[in-house]
Amino acid sequence: MTRTTLFIALTAMVLSLALTSCHSNEQNYKQAYDKAVAKHIEGVGDEAYNRVQAERRRFNTVINGDSVRLVRMYANVSDDSTKVARRYNIIVGEFKQMFNAQNYRDRLKAEEGFPSYLLYGGLGTDKKYFVVVKGFDDRDVAGAFLKDLSNKMKMQILVPQAWILEKL
């Protein structure tokens, strides 16, 4: 093998390794960039964004002597008249796709007889369809219903624990 062919072979091998290894770096860069853009759209930095997300997951309100997760957010009714929505909504399912949320809502209405409806809301790019089993105008009544929900509902709840969405 001549020196020139050896040089060309080594150069080709180095270039192929460099080109294949760049793909994962570009992909990682794109993911980091997309996350940064989502945070920028919300107008908050990394630290504030992480604190907001952690606060949303906490059980941070005491209602009728029980600690419950109560999240206050702007949300729109996405499937019925806006007259069905109440201020305090018991959430039993969260979905990214409306079709899945509608199917679960329809089963709640048909099998359990609840006046279920969908709300759409969230922060920045983390918007979801929330399945409401029942809504209330009074926070204490909503808390009492939530506490006794396992006795009232036989279907599986599709969130780790049902919670209250206070519609702003």
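Biologist: What makes the side chains of Arg105 and Asp106 a polar contact?

Modeller: The distance between the two side chains is 2.7 Å, and the cut-off for such a pair of N or O atoms is 3.5 Å. Residues adjacent in sequence count only if both atoms are side-chain atoms, and here the contact runs from side chain to side chain. Keep in mind that this is a predicted model.

Biologist: Why is Arg105 called buried?

Modeller: Its relative accessibility is 9%, and buried means under 20%, so Arg105 counts as buried. Arg105 lies in helix α3. Leaving aside neighbours within four places in sequence, Arg105 is in contact with Asp79, Ser116, Tyr117, Leu118 and Val131.

Biologist: What makes Phe130 and Trp163 an edge-to-face pair?

Modeller: Their ring centres are 5.6 Å apart, and the limit for a pair is 6.5 Å.

Biologist: Why is the pair of Phe95 and Tyr104 called tilted?

Modeller: The angle between their planes is 55°. Stacked is under 30 degrees and edge-to-face is over 60, with the rest tilted, so this pair is tilted. The centres are 6.1 Å apart, against a limit of 6.5 Å. Both Phe95 and Tyr104 are buried.

Biologist: How many aromatic pairs are there by that rule?

Modeller: The count comes to five. There is also an aromatic cluster, formed by Phe114, Phe136 and Phe145.

Biologist: Which residues of the largest nonpolar core touch the most other members?

Modeller: Of the 24 residues in that core, they are Ile90, Val92, Leu108, Val133, Leu149, Met153 and Ile164. At least two core residues come from each of β5, α3, β7 and α4. A second, separate core has 13 residues, including Met73, Ala85, Phe130 and Val159.

Biologist: What does Met153 contact, once its neighbours within four places in sequence are left aside?

Modeller: Val92, Tyr104, Leu108, Glu112, Phe114 and Val133.

Biologist: What makes the phi of Asn64 stand out?

Modeller: Asn64 is not a glycine, yet its phi is positive, at about 55°. Most residues other than glycine have a negative phi. Asn64 sits in the loop between β1 and β2.

Biologist: And why is Asn64 called partly exposed?

Modeller: Its relative accessible area is 44%. Buried is under 20% and exposed is over 50%, so Asn64 falls in between.

Biologist: How many helices and strands does the protein have?

Modeller: Five helices and eight strands. Of the contacts with a separation of 6 or more, 70% join residues 24 or more positions apart. Buried residues make up 32% of the 168.

Note on methods: Residues are numbered from 1 along each chain as its sequence is written. This is a predicted model: local features need pLDDT of at least 70, side-chain atom pairs count only at pLDDT 80 or more; totals for chains, interfaces and linings use all residues. Side-chain values use heavy atoms; hydrogens and water are left out. A nonpolar core is a set of buried Ala, Val, Leu, Ile, Met, Phe, Trp, Tyr and Cys residues joined through side-chain atoms within 4.5 Å. Buried means under 20% relative accessible area, exposed over 50%, partly exposed in between (1.4 Å probe, protein chains only). Helices (H or I, at least four residues) and strands (E, at least two) are DSSP runs, numbered from the N terminus. Contact means heavy atoms within 4.5 Å. Rings of Phe, Tyr and Trp (its six-membered ring) pair if their centres lie within 6.5 Å; planes under 30 degrees apart count as stacked, over 60 as edge-to-face and the rest as tilted. A polar contact is a pair of N or O atoms within 3.5 Å; within protein, one must be able to donate a hydrogen and the other to accept it, and residues adjacent in sequence count only if both atoms are side-chain atoms.
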